[in-house]
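Here is a short briefing to read with the model open beside you.

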Amino acid sequence: MKRRGWLLALLVVGVVALGWWLWVLYRAPNRADLAGYWQLVVAIPSLAVAVGALVRDRAGRGSGDRERDAAAELRWLADRLAEALEQQWTQAAVARRLVVPEPIAVRWARPARAVAGSAAAATLAGRFAPLPGLSAIRVERFGGGGVRELHGIYGGLGSGRLVIVGAPGAGKSGAAILLVLDALRHRGQVAEAERDRVPVPVLVTLQQWSPRTQSLRAWLAGQLCGAYPGLLSGRGGERDAAALIESGRIAVIADGLDEIAEQLRPLVLRALSSQATFRLVLLARSEEMLGAAEQAVLDGAVAVELRDVGPAEAVDYLARVQRDPPPPRWRELLERVSSEPDGALARALSTPLILSLVRDTCRDDAAVGALLDLRAARGAALTRVDVENHLLGLVLPEAYAERPGEPAPPYPLPLARRTLGWLAARMNRAGTRDLAWWRIPAWTSPLPGVVLVGVAAAVSVGLGLLWLPAEQSPVGWLAKAILGAVAVGGAFGAWLARRRMGRASVVASPARGSALSEPAAQFVLGLVLGLLVVRGQWALGHASATPGRGLLADLLLALLYAGVCYLAQSFFMRRGLRRHQHKHGVALPIPWRRLRRMNLFSAMPGFCGAIGTELPPAWALVLVLLFAALTSRGVIRGLARAIPRSAAALTPLGQWRYFRIHSLLSWPMIGIFVGGFGLPRLEFGILGLFGDDLSALPPVLVAGLALGLALAAGVFQGWATPPSWLTAVAAVQLTLRHRTPPDLMHFLDDAHQRGVLRAVGLIYQFRHARLQDRLATHDH
């Protein structure tokens with residue numbers, strides 16, 4: 001009610017002001033010479049009709065309707081996010097062979113050492129009701145069970161907090177992926193009326209979170225926006241992500257606590273205890289969690305520990321991944337594990353990691369024979385570590401081996417060994433297990449990258465200046481100074497962008513989270529740029545309309561045309577959505593509130609309205625209505641094709657390509673627009689505010705303004721440098737210095753496809769920390 005009162009008051013004030021101004025203009029003796037008068041007379045009735053329809057639409061909608069719209073949008077977002085997560089982690093489960101064959105029978109039990117709180121307190125807590133279709137957990141359920149039973153504990157635990165610990169290679173990551181898929185499958189099976197009560201599980205890694213400088217909610221929102229830009233982008237995307245978290249529609253499964261610096265782990269546990277308002281599952285290695293628990297625990301959490309795989313389970317799994325009956329040497333391997341349960345081989349095969357290595361590296365009798373005939377160095381007794389090191393040493397030769405009937409690996413084994421060894425050593429020096437592609441430029445000298453960006457910015461702006469007529473183009477030293485200022489600004493902006501990427505936990509466009517991503521800011525920006533273009537046209541002597549209006553008249557007229565354009569867009573968009581539903585029998589699955597936040601409804605109407613002030617009234621109205629109709633139709637068609645793909649989670653290579661493709665034309669066009677359209681007209685537009693006679697202005701003022709604008713344009717273009725470009729330059733630098741592949745991102749994706757690396761969201765990790773350490777020391 002209060003909001004509608006403000007709207008009505010603003011409308012009354014606007015109508016009174018416009019009416020008074022029209023009356024003053026009407027009484028002016030030179031009314032016939034005023035170009036803006038008749039344009040206002042034509043535009044105001046159109047705007048009045050459109051505003052009347054808008055007020056009628058809003059009048060029938062109370063605060064309860066708006067709240068229902070917001071809830072419907074969050075429900076839509078949660079459903080699309082669940083679809084993206086299911087696709088993402090199903091692919092990861094298939095790649096890790098967690099689906100076919102049947103996964104390793106990993107079991108859990110209560111840990112013998114204190115790493116969390118009481119099970120009785122966690123089960124009796126009333127913070128979270130059991131999820132629909134699940135029953136409350138009793139203390140007796142913590143006696144032990146299989147990995148697939150963890151979902152029942154996750155969904156029925158009263159405190160909503162669960163800690164999963166285990167030894168290195170015990171299968172924590174696999175358990176987390178299976179838990180995510182079980183939770184998503186359960187959410188899809190509950191009735192639609194109860195689905196809002198089932199949160200969407202999101203798997204994140206905690207290594208990049210610093211609770212000293214960033215709240216948990218802000219960090220999670222940034223992670224979601226970076227991983228799912230088709231759903232959550234801009235400042236509105238961050239608000240949506242925060243709303244999903246606050247409304248309990250998100251559950252978090254957090255890995256990577258053991259990769260955080262030891263002194264920070266207790267701080268992270270305290271921050272999680274005080275800030276996590278959602279269901280939380282925390283994964284960590286047993287020893288690291290025990291050390292952190294001596295100083296702080298996760299309040300209300302209960303812990304379970306993944307147990308070693310027994311000899312019988314190991315034999316059963318290895319028999320299932322081989323042909324039946326198994327080859328002789330493979331049969332001998334199974335018999336030795338069964339008959340010598342305390343031997344080095346059986347003890348090494350007690351973790352899912354080593355079992356998967358045997359499955360992937362021992363493909364023929366020769367490899368199995370080498371494992372069976374393994375002997376310790378210098379006559380010592382064979383140990384579990386000897387077996388693990390032998391299998392880890394086979395990972396690269398097996399992954400990059402040539403096989404009959406298959407194409408040869410695109411990267412030979414020596415190149416892969418050298419590159420992965422260097423990467424592992426560099427990651428160890430940085431103290432990280434995460435290989436984030438946007439941080440690779442930080443491993444190289446910044447000079448080549450920033451110089452190339454500065455030169456590219458100057459070239460693109462120079463191409464734009466060449467398009468201007470000779471009498472308007474800067475000549476001589478001023479042209480060189482402008483290009484030099486653009487180059488310096490571009491290099492400085494690229495250096496700033498490089499530093500931003502080196503510190504970022506997730507990479508996104510520079511506009512994400514900035515005020516420029518707000519619809520109101522974009523509308524004002526488009527309006528101001530359009531007005532400056534019009535004023536610049538007058539100063540250049542190319543305006544088609546008579547420059548007889550003042551700046552205030554231009555502004556009011558531009559607002560009128562922009563309002564007509566915005567409301568016409570709303571009308572055509574709603575009509576298009578209804579026609580699409582009538583034609584195809586299904587509505588486009590996107591809320592109206594999200595459509596209204598698109599750039600289409602903000603920046604472009606402002607710019608189009610400002611440009612309309614230069615045209616005669618009839619042509620101006622034709623322009624805004626035609627723009628509204630065509631763009632609305634294009635958006636409807638684009639949404640019909642893009643929505644099935646918009647929610648898809650990005651892989652590291654996919655995100656790198658996303659930035660590369662979207663910037664391939666847009667980034668050079670920024671420079672060309674700035675040089676050929678923006679800089680001259682912006683300069684003349686600002687100078688045009690002083691009057692129509694520019695010859696009376698001091699040349700120093702004109703030159704200083706040109707250089708200042710060129711420097712600012714260069715900094716902006718450098719700041720907007722796509723991170724994929726800087727990474728590509730860094731890859732060439734690494735090739736020249738360390739003989740790594742120039743197409744480094746494709747090499748990393750190939751290593752991921754071959755099972756050497758794994759993808760956790762938008763970052764790569766080595767298959768196991770032991771593999772990273774071995775490559776860093778033995779192969780580099």
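In this predicted model, Tyr411 has a relative accessible area of 8%, which is under the 20% cut-off, so Tyr411 counts as buried.

**The Tyr411 and Phe747 pair**
- By the ring-centre rule, the chain holds five aromatic pairs.
- Tyr411 sits in the loop between helix 17 (395-399) and helix 18 (413-430), whereas Phe747 belongs to helix 30 (residues 744-753).
- The two residues are 336 residues apart, and their pairing links distant parts of the chain.
- Phe747 is buried too, because its relative accessible area is 0%, under the 20% limit.

**The Trp422 and Trp443 pair**
- Trp422 and Trp443 also form an edge-to-face pair, with ring centres 5.9 Å apart and planes at 65 degrees.
- Trp422 is part of helix 18, while Trp443 is found in the loop between helix 18 and helix 19 (446-466), so the pair ties together parts that are 21 residues apart in sequence.
- Both Trp422 and Trp443 are buried.

**Around Gln765**
- Gln765 is located in strand 9, which covers residues 763-766.
- With a relative accessibility of 10%, Gln765 falls under the 20% limit and therefore counts as buried.
- The side chain of Gln765 makes a polar contact of 2.7 Å with the side chain of Asp434.
- If you set aside neighbours within four places in sequence, the contacts of Gln765 are Arg433, Asp434, Val756, Leu757, Arg758 and Val760.

**The chain as a whole**
- The chain contains 31 helices and nine strands.
- It has 780 residues, of which 51% count as buried.
- Taking contacts between residues at least 6 apart in sequence, 79% join residues at least 24 apart.
- The accessible surface of the chain is about 35,900 Å², and carbon and sulfur atoms account for 61% of that area.

Conventions. Residues are numbered from 1 along each chain as its sequence is written. This is a predicted model: local features need pLDDT of at least 70, side-chain atom pairs count only at pLDDT 80 or more; totals for chains, interfaces and linings use all residues. Side-chain values use heavy atoms; hydrogens and water are left out. Helices (H or I, at least four residues) and strands (E, at least two) are DSSP runs, numbered from the N terminus. Buried means under 20% relative accessible area, exposed over 50%, partly exposed in between (1.4 Å probe, protein chains only). A polar contact is a pair of N or O atoms within 3.5 Å; within protein, one must be able to donate a hydrogen and the other to accept it, and residues adjacent in sequence count only if both atoms are side-chain atoms. Contact means heavy atoms within 4.5 Å. Accessible areas come from the Shrake-Rupley method with a 1.4 Å probe; for residues, only the protein chains shown count as cover. Rings of Phe, Tyr and Trp (its six-membered ring) pair if their centres lie within 6.5 Å; planes under 30 degrees apart count as stacked, over 60 as edge-to-face and the rest as tilted.
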